[in-house]
Amino acid sequence: EEIAPGAVWLPGWLTIPQQAWLARQCAQWAAGPVPIRSATVRGHPMSVKTVCVGWHWRPYAYSRDAVDVNGQRVVEFPKWMVRLGRRIVADATGDEDRALAYTPDTALINFYDVQARMGMHQDKDEKSLAPVVSLSIGDTCTFRFGNTENRNRPYRDIALASGDVFVFGGPSRLAFHGVQKIHAESAPDGCGVEHGRWNITMRETGFAD
Ligand code: MD3
Ligand code: FE
């Protein structure tokens, strides 16, 4: 379903075994070489914890080394994730050429415990305006998808469940968005997450080493 120009929601795109496999990957990345951590924004730790692959994100900047964590280099962006991103863009847009041109080089992997939130923001740290592909695993969240002007109305609240995939491209790429709430105990059996929610967002940074 296209909920706004360039914003395509693919509910239940991931099977339960795929979700469980991805949840294990997330747990592995969280363990290191750069451990998952709450990034600090204007002196305050975020309630969400983040670990990255490909490029390391810290508020307002990308680098290869996690200079704000332990200085280690982040793991290489997996080739399977490039293929997965392309398959999702192809399904969302029906445009094979656009899918082949999509080469994500970073993923931010966010973990939400039941109390975590993410305030309304735009993703503007990337130089490329290629689509962001989002994968949700675990508890359902209330995701707020807004407008490109400000963090206020109009916005739409959407329940994103385990296995849901979203593509944010075109005019939606710079829309404000956030996570209002995590629904406790809502993860489906077998998804690989008991409590909380993983979200993987693939992106093209537009940076060259
Ligand atoms: C719309 N993550 O990592 S995913 C983020 O659930 C982020 O962890 C949220 O916002 C999460 O920056 C939301 C959905 C999402 C991700 C990126 C977007 C929506 C987006 C970029 C542009 C527009
Ligand atoms: Fe975001």
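Reader: What should I know about the source of the values?

Author: This is a predicted model, where local features need pLDDT of at least 70 and side-chain atom pairs count only at pLDDT 80 or more, while totals for chains, interfaces and linings use all residues. Residues are numbered from 1 along each chain as its sequence is written, and side-chain values use heavy atoms, without hydrogens and water.

Reader: In what order do the seven strands of the open sheet run?

Author: The order is β1-β2-β13-β10-β15-β8-β5, with antiparallel pairing. Strands are DSSP runs of E, at least two residues, and helices are runs of H or I, at least four residues, numbered from the N terminus; two strands pair if DSSP finds at least two bridges between them.

Reader: Which are the edge strands?

Author: β1 (2–4) and β5 (49–53), each of which pairs on one side only.

Reader: How many bridges join β2 to β13?

Author: Four, between residues 7–10 and residues 165–168. L10 has V165 as its bridge partner in β13.

Reader: Switching to R151. Where is it?

Author: R151 sits in the loop between β11 (141–145) and β12 (156–160).

Reader: What is R151 in contact with?

Author: Leaving aside neighbours within four places in sequence, M120, H121 and F176. Contact means heavy atoms within 4.5 Å. The side chain of R151 also reaches the backbone oxygen of M120 at 2.3 Å.

Terms used
Chains are lettered from A and ligands numbered from 1 in the order in which they are written. A polar contact is a pair of N or O atoms within 3.5 Å; within protein, one must be able to donate a hydrogen and the other to accept it, and residues adjacent in sequence count only if both atoms are side-chain atoms.
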